[in-house]
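Below is a set of questions and answers on how terms are applied to one structure. Each answer sets a value against its cut-off.

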Amino acid sequence: MVQILLKSASFVFLIFLGYILKRVKFFGPRDYGIVMKIVLNITLPMAVITSFASYRPDYTLLLAVLVGFGLNWVLLGFAVVLSRGKKRASRAVWLNSVPGYNIGAFALPFVQSFLPPAGVVACCLFDAGSAIMCTGGTYALTSGMLGESKGLSLREIGKRLLSSRPFLTYVTMLVLTLLGVTIPAGIVSFISPMASANAFLAMFMVGMMFDLKLDREILRDVAGMVALRLAAAVVVALGCYFLLPLPLEIRQALCITVFAPVSVASTAFAERAGGDPGEAACVNSLCILISIVCMVTLLAVFGIL
């Protein structure tokens, strides 16, 4: 219990440190992009490979892909209904910021640091299902509703997925695992230092990106979006924990994963669709705060269990 709280506190400290260093101008407002490139292209893929290396094929784990994909669709459906009648700029944020999950740079470091490799694999597979929507699927589906003359085609969405190194790593490692191909121990040992750096860099990057500016005019909408995501996370987490026919550590990993904050890509698509960038950023930042509390609480509960 104490160890879990100390590790969780170190994650919170890293986020706080990244934010403070940005505020005192040690880093520029856009410097997080450099860290993001390192995380998405180096440390995150390495973390995925090391986790899959000790994983043994279990086809029931593919349920995690369906959970990630399905949850995005459910949230999108609620966003469509609840945003009817709102101004276009606000609706663009609802449709693009309610679905979408920041797994690789937020949920995965938590799971990677506290749960066994099978839990990390479950988190990765959830992200593989969610990524189909986060990388442009949601934007393509909602662009017509927002009066966009040009959305993303299936070909463009495919290009985005194939250019995502984490997604390609998920798919490649899943296929290799299902085929019974194992990663040599020497390779795992070689990339382990890079994989271990993922949690530190990801949390530090989140702090550099954090920017919470509450505007009374948009606070009601922001509260509605955050509450919808939180309610969905609670329901799905309970379902995953008590209903899925999966080992305990995998159910725990999925419970933590569904409380991940909004995807960075979702926030960018909201702005691209004509949404208020301040509102989209506020949703993202508020979700980060709530996600920290929820994930640390779950880790403490699982530690007691």
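Predicted model: local features only at pLDDT ≥ 70, side-chain atom pairs only at ≥ 80, totals over all residues.

Q: Which residues does Ala47 touch, not counting residues up to four places away in sequence?
A: Ala47 touches Gln112, Ala195 and Asn198, where contact means heavy atoms within 4.5 Å. Ala47 is placed in helix α2, helices being DSSP runs (H or I, at least four residues; strands are E, at least two) numbered from the N terminus.

Q: Why is Ala47 called buried?
A: Buried means under 20% relative accessible area, exposed over 50%, and partly exposed in between (1.4 Å probe, protein chains only). Ala47 has a relative accessible area of 1%, so Ala47 is buried.

Q: Why is Lys25 called exposed?
A: Lys25 has 70% relative accessibility and therefore counts as exposed. Lys25 is found in the loop between α1 and α2 (32-53). Its phi is near 70°, a positive value in a residue other than glycine.

Q: What makes Phe13, Phe16, Ile20, Val24 and Phe26 a patch?
A: A patch is made of residues with over 30% relative accessible area and no salt bridge, with nonpolar side chains (Val, Leu, Ile, Met, Phe, Trp, Tyr) joined within 5 Å and like charges within 9 Å. These five side chains form a nonpolar patch on the surface, with about 530 Å² of accessible area together. That area comes from the Shrake-Rupley method with a 1.4 Å probe, and for residues only the protein chains shown count as cover.

Q: What are the accessibility classes of Lys86 and Asp221?
A: Lys86 has a relative accessible area of 31% and is therefore partly exposed. Asp221 has 15% and is therefore buried.

Q: Why is helix α5 (residues 103-114) described as largely enclosed by the rest of the structure?
A: Of its 12 residues, 10 are buried, so helix α5 is largely enclosed by the rest of the structure. Among the buried residues are Ile103, Gly104, Phe106, Pro109 and Phe114.

Q: What makes Asn102 a cap of α5?
A: A polar contact is a pair of N or O atoms within 3.5 Å; within protein, one must be able to donate a hydrogen and the other to accept it, and residues adjacent in sequence count only if both atoms are side-chain atoms. A side-chain oxygen of Asn102 lies 3.3 Å from the backbone nitrogen of Ala105, and Asn102 caps the N-terminal end of α5.

Q: Which residues touch the most other members of the largest nonpolar core?
A: A nonpolar core is a set of buried Ala, Val, Leu, Ile, Met, Phe, Trp, Tyr and Cys residues joined through side-chain atoms within 4.5 Å. The largest has 106 residues, and Phe52, Phe106, Phe110 and Leu254 touch the most other members. Phe110 lies in helix α5 and is buried, with a relative accessible area of 0%. Leaving aside neighbours within four places in sequence, the contacts of Phe110 include Phe11, Met203 and Leu299.

Q: Why is Thr257 called buried?
A: Thr257 has 0% relative accessibility and therefore counts as buried. Thr257 lies in helix α11 (residues 248-257), and a polar atom of its side chain lies 2.7 Å from the backbone oxygen of Ala253. The C-alpha atoms of Thr257 and Phe110 are separated by 8.9 Å.

Conventions. Residues numbered from 1 in each chain as written. Heavy atoms only, no water. Salt bridge = Lys/Arg side-chain N within 4 Å of Asp/Glu carboxyl O.
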